[in-house]
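Here's a quick briefing to read alongside the model. Keep the sequence and the 3D view open while you go through it.

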Amino acid sequence: MAFGMKPRVSRALVAFVHDVVMAALSFVVALVLRLGDGAFAKLGGPLLAPMLLFTAVCACVFLSTGLYRGIWRYASLNDMIAIARAVTLALLLYLPITFMLTRLEAVPRSMLVINWFVLAALLSGPRLLYRVLKDQSFRHLLERSSGGKRVPVLLVGADDAADVFIREMSRDPAAAYEVLGVIDDKGTRVGRQMRGVRVLGHLDDLAAVIERVKRRNRAPQRLILTKRLPRETMERLLEVADERGMTIARLPRLTEFKSGESDRIEVRPIAIEDLLGRTQTKLDRPAMRHLVEGRRVLVSGAGGTIGSELVRQVADLAPAELTLLDFSEHLLYGAELELRERHPELARHAVLADVREARRLDGILAERKPELVFHAAALKHVPMVEANPIEGVLTNVIGTRHMADACRRAGVAGMVLISTDKAINPASVMGASKRLAESYCQAMDIAERKRAARDGGPATRFVTVRFGNVLGSTGSVVPLFQRQLAAGGPLTVTDPAMTRYFMTVREAVELVLQASSLGLAPSGDGTGKIYVLDMGQPVRIVDLARQMIRLAGLRPDKDMEIVYTGARPGEKLAEELFHDQEPMVATGHPGLLLASPRTFNLELLSRGLGELAELASARQGDEVLATLARLVPEYQPARTPDARSAAAS
């Protein structure tokens, strides 16, 4: 499997040409410094041949020593030492050669001493100047590597993070790692050097490079990634490392580095999110801050995975006040404690409440007067909701209806509903209940827009954001695999063909805020539409299991078994992000898509939800499922009491 195409190398040639030109220029400058005005007359005569000979000798020395391979962006003391050696060698070779040819009759002997200093300055000066301009400072120019017994490693990625790591390892006598070489994922710097460390090859040549390093040097024990790589590349790296008994780690991203000269760089284990290989989405952070800054915000489900991350990111955007609402005392306490530690100056309120209680929500919103509500409260675990369908309907459907109605009555500017890809062609109660919640918020948004246009005055806007699985969330497969690994296995996978969309919780919430800033903007055209996060390509669960086994330093199917248990009630082999009747609309923002609305009559839908609420409150399970199937036609329950028991097991 190829990692990618190898780009043509051209910068090394430019560097070589520069060095050769500087060699010729140094001869002229040294001669002028020695002879003064008479130097130019001699250059046209007896000194022309010695100058060309000197330039040719320097070119050969530069080629043989690889002087031009150094990356100017990372010029340091190592490069200056290499230049001094190359200049010395060139003059030592030139001296006997020109002596045999001309007996040094045309060349003043003292000029050669002058030439050493001039050439060294002309070669090092542009390199240092380029580095200073890039760094905007003179720091790090006087660094060099130090020895010691360290873990031999290869860096994957010839970039700024690699330069920082090599620099730290070279100046710290107690450093844990020795960098044997660098692997270039782009291929533009192969054969060049970073602080004296060679860029040994392209990713396509990784296996061959490792074998070559083993023969010439100590065998590398670890690959350290300096950047985020595509998922396919990560899978191949894991295979190569696994075949050779190597481990893989990563550097913190440059944005994660602590500031300060004394801060040490900690090599981190590869996390499961690194295997997704997702590229960083460009966000409109000013728009996100404008959405939140100075406003009163309420987050329901504030103790959950999505809700707690919403609290963190919303708090970072300087709201005037932040209210945390959750039904779990334990989760709410943890979220409020973290918020108090991170933002002690922020006005905050922790409220224990159940979204099923309409009067309680009305009272909270009347007291706190939020301008923006993020509704993340929901029951999300598919098998658990299958076993307890009435609870799922009461929380996900009726609770969302209560929150939406309370927001409208309290004059909240905007409510954002957090939804799921399981709402598309649902095969589970959880998915069907979330689809019904989507439908109600869509219908409310359209109705509020029409009312405001007819009667005037502000409208409460309703925005729905839909996305797939969040890594590490409660009930997700990753924590399950981690527990099974810690217990010695086996890892249980429901079906070898099962796939899911995955995203980190941080990225998901960032895109939720981005979608909210678009949907709630006065010029927003997303009336009744659903924002869908671009989840990338789906991941096979069995591949995820194999990768996690490899990250644990074990071999799949040898050291750790994978057992297939069969799909549980309500589970689908593959999830979808769009319904056939929801044409996709581009938003102009990377990472965000827009699903056209499937319109519902709010009055008819409210009547149906009222009937559903009565049946759920009366604990009439079969009637609840039948009504749910009627309100969500694409949902086919096919449930029995035995299925409920299986879901609970």
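This is a predicted model: local features need pLDDT of at least 70, side-chain atom pairs count only at pLDDT 80 or more; totals for chains, interfaces and linings use all residues.

Residues are numbered from 1 along each chain as its sequence is written, and side-chain values use heavy atoms, with hydrogens and water left out.

**Confidence**

- The protein chain has a mean pLDDT of 80 (pLDDT being the predictor's confidence in each residue, from 0 to 100), and 79% of its residues reach 70 or more.
- Residues 139–148 have pLDDT below 50, yet beyond near neighbours in sequence this stretch has 32 contacts in the model, a contact being heavy atoms within 4.5 Å.
- Residues 257–262 are also below 50 in pLDDT, and that stretch has seven contacts in the model beyond near neighbours in sequence.

**Overall make-up**

- The protein chain holds 21 helices and 22 strands; these are DSSP runs numbered from the N terminus, with helices being H or I of at least four residues and strands E of at least two.
- Out of 649 residues in the protein chain, 53% count as buried. For accessibility, buried means under 20% relative accessible area, exposed means over 50%, and partly exposed is in between (1.4 Å probe, protein chains only).
- If you take contacts in the protein chain between residues at least 6 apart in sequence, 76% of them join residues at least 24 apart.

**Helix α14 and its partners**

- Helix α14 (residues 389–410) packs with helix α19 (residues 602–617) at an angle of about 140°, their axes 10 Å apart. Axes here are lines fitted to C-alpha atoms, for helices over the stretch in contact, and angles run from 0 to 180 degrees between N-to-C directions.
- That angle makes α14 and α19 oblique to each other; angles under 35 degrees count as roughly parallel, over 145 as roughly antiparallel, 65 to 115 as roughly perpendicular, and the rest as oblique.
- The α14 and α19 crossing is left-handed, a label used if the near helix is turned anticlockwise from the far one by less than a right angle, with right-handed used if clockwise.
- On the α14 side the contact is made by I390, V393, L394, V397, I398 and R401, and on the α19 side by S606, L609, G610, L612, A613, A616 and S617.
- Sorted by class, that α14 and α19 contact comes to nine nonpolar, three polar and one charged residues. Ala, Val, Leu, Ile, Met, Phe, Trp, Tyr, Cys and Pro count as nonpolar, Asp, Glu, Lys and Arg as charged, and the others, Gly among them, as polar.
- With helix α15 (residues 429–455), the α14 axis comes within 9 Å and crosses at roughly 15°, so α14 is roughly parallel to α15.
- The crossing of α14 and α15 is right-handed.
- Residues of α14 that meet α15 include V393, V397 and R401, and among those on the α15 side are L436, Y440 and M444.
- The class count for α14 with α15 is eleven nonpolar, four polar and five charged residues.

**Single residues worth a click**

- V156 sits in strand β1 (residues 151–156) and is buried at 1% relative accessibility.
- Leaving aside neighbours within four places in sequence, V156 is in contact with I183, L203, L223, I224, L225, T226, K227 and L229.
- V156 and G201 are 45 residues apart in sequence and 9.9 Å apart in space, C-alpha to C-alpha.
- T494, in the loop between β15 (491–493) and β16 (499–500), is buried with a relative accessible area of 13%.
- Not counting residues up to four places away in sequence, T494 touches Y564, T565, G566, A567, R568 and E571.
- E623 belongs to helix α20 (residues 621–631) and is partly exposed at 39% relative accessibility.

- Most residues other than glycine have a negative phi, and most peptide bonds are trans.
- G489 and P490 are joined by a cis peptide bond, with omega about 0°; P490 is in the loop between α16 (477–486) and β15.
- A318 has a positive phi, near 60°, in the loop between α10 (305–316) and β9 (321–326), and is partly exposed at 34% relative accessible area.
- K369 isn't a glycine either, but has a positive phi of about 50°; K369 lies in the loop between α12 (358–368) and β11 (372–375).
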